[in-house]
Amino acid sequence: MALPSPDSTTWTSPSSAFLLGLRSAATTVLSLVLFATYIGIGALGHDTGFSLFWVLASTVLVWAGPAQIILISMLSSGATWLQTAIAVTVSAIRLFPMVVSVLPMMRTPTTKKSQLILPAHFVAVTMWVECFRLLPQVPRERRIPFALGLGTGFVTVCVSANVVGYGLAANLPQLFGAAILLLTPLTFLLSTARNCRELADYLALILGLALFPLAGMLNTGVDILISGVAAGTIAYGVHRWRRSR
Amino acid sequence: MTELMGEWQALLVLLLAGFLPNEVWRMLGVWLGGGLDEGSELLVWVRAVASAILAGVIAQILLMPPGALAAVPPTLRFGAVVAGLIIFLATKRSIFIGVLGGEAVLLFGQWWMG
């Protein structure tokens, strides 16, 4: 569904910007992908003996699919909370550059950092991609309420999916287990590809895929960080070099 | 799991091992990135690093798959993702159709191989 034009009177109040954010979450097809992923997380939580409340709290508080899968599977396989915390911390590194790249689209010269805390909490892959796609169509002074509506909408979709998945768990066919787990790499790949704007972004994606197996041989525990910073920096270097010629 | 630890203890573990490890990076992003200008050159590098780290997460899941995905042969795992990417590129970058296509290849492959 198209957003109203930036000079439309619909944007005059923050609350209507929030509602437009909610509506965008309800109408984007990426919500269907989120729904399926979080059915899987709900079912995983059920099968490993967590309470429904715990699973819902993990969606609201953690708000990152891969981290929730690591958290649930490690804890249920007997890992200590500290081992789990370390693994989740490493998996969450990506959130830092994602937040850094998306917040400048939301702020105005008068925005306080405290107003950015909740929008930053909502940042995860789907939110990141949809902000890049939608925020340019939103008047700058309404982007924070819009993003809050968008994030609230996505969390609502995922929490509902958790309830459905938790309830269905025992009846989910085995065949779908692998299909739900494949959703994460598939959506991450296509989302990142859609967010590519410049040569540097495409190169970063391709080099990031190629360098990970090499960095993986180092077995440092932070292989993703090493391959990510290396691939991103090479891609940026190529971008600089091409522009300077 | 919660029967094993008790609900309060499970929620405490959720905060320590789930919430904080993620939120720390987001808040670091607010603190260090909250003041950057949208047109800043540094952001081009940051975006490239974000894409490359996401690419690493993708590669990691495909090479060392969790749970039921590990039972799928590597050729089918990679084949399904490559098919999804090709469909995505062929449909003017529709994430949704690409994801559906990749999933269809995986399900068909599993069914075909029994």
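The legends below describe several close-up views of a predicted model.

Residues are numbered from 1 along each chain as its sequence is written, while chains are lettered from A and ligands numbered from 1 in the order in which they are written. In this predicted model, local features need pLDDT of at least 70, side-chain atom pairs count only at pLDDT 80 or more, and totals for chains, interfaces and linings use all residues, with side-chain values resting on heavy atoms and leaving out hydrogens and water.

**View 1. The largest nonpolar core and A:Phe146.** A nonpolar core is a set of buried Ala, Val, Leu, Ile, Met, Phe, Trp, Tyr and Cys residues joined through side-chain atoms within 4.5 Å, where buried means under 20% relative accessible area, exposed means over 50%, and partly exposed lies in between (1.4 Å probe, protein chains only). The largest such core holds 101 residues, and the members that touch the most others are A:Trp54, A:Val102 and A:Phe146. Apart from this core lies another one, of five residues, which include A:Ala204, A:Ala231, A:Ala235 and B:Ala52. Contact here means heavy atoms within 4.5 Å, and, when residues up to four places away in sequence are not counted, the residues touched by A:Phe146 include A:Leu3, A:Trp11, A:Leu134 and A:Val138.

**View 2. Helix H1 of chain A packed on helix H9 of chain A.** Helices (H or I, at least four residues) are DSSP runs, numbered from the N terminus. Helix H1 (residues 14-27) and H9(A) pack at an angle of about 35° with their axes 6 Å apart; axes are lines fitted to C-alpha atoms, for helices over the stretch in contact, and angles run from 0 to 180 degrees between N-to-C directions. The contact is made by residues including A:Ala17, A:Phe18 and A:Gly21 of H1(A) and A:Phe146, A:Gly149 and A:Leu150 of H9(A). The contact residues divide into 11 nonpolar, five polar and no charged, a grouping in which Ala, Val, Leu, Ile, Met, Phe, Trp, Tyr, Cys and Pro count as nonpolar, Asp, Glu, Lys and Arg as charged, and the others, Gly among them, as polar.

**View 3. A:Gly21 within helix H1 of chain A.** At 0% relative accessibility, A:Gly21 counts as buried, and the buried residues of H1(A) also include A:Ser16, A:Ala17 and A:Leu20. Leaving aside its neighbours within four places in sequence, A:Gly21 is in contact with A:Phe146, A:Gly149 and A:Leu150. The C-alpha atoms of A:Gly21 and A:Leu135, which stand 114 residues apart along the chain, are separated by 9.9 Å. The buried residues of H1(A) pack against helix H2 (30-47), H8 and H9 of chain A.

View 4. Helix H6 (residues 95-106) has 12 residues and reaches 17 Å from its first C-alpha to its last, close to the 16 Å expected at 1.5 Å a residue; the expected span is 1.5 Å times one less than the number of residues. Because 11 of its 12 residues are buried, H6(A) is largely enclosed by the rest of the structure. Its buried residues include A:Leu95, A:Pro97, A:Val102 and A:Met106.

**View 5. A:Phe188 in helix H10 of chain A.** Helix H10 spans residues 174-195, and A:Phe188, at 7% relative accessibility, counts as buried. When residues up to four places away in sequence are not counted, A:Phe188 touches A:Pro66, A:Arg94 and A:Val125, as well as B:Leu54, B:Val57 and B:Ile58. The C-alpha atoms of A:Phe188 and A:Val125 are separated by 6.9 Å, although these residues are 63 residues apart along the chain.

**View 6. Loop residues A:Asn219 and B:Lys92.** Most residues other than glycine have a negative phi. The phi of A:Asn219, however, is near 55°, a positive value in a residue other than glycine, and this residue sits in the loop between helix H11 (199-216) and helix H12 (223-244) of chain A. A:Asn219 is exposed, with a relative accessible area of 65%. For B:Lys92, phi is near 55° and positive, and B:Lys92 lies in the loop between helix H4 (74-90) and helix H5 (95-112) of chain B. B:Lys92 is exposed, with a relative accessible area of 80%.

Notes: Helix = DSSP H or I, 4+ residues; strand = E, 2+ residues; numbered from the N terminus.
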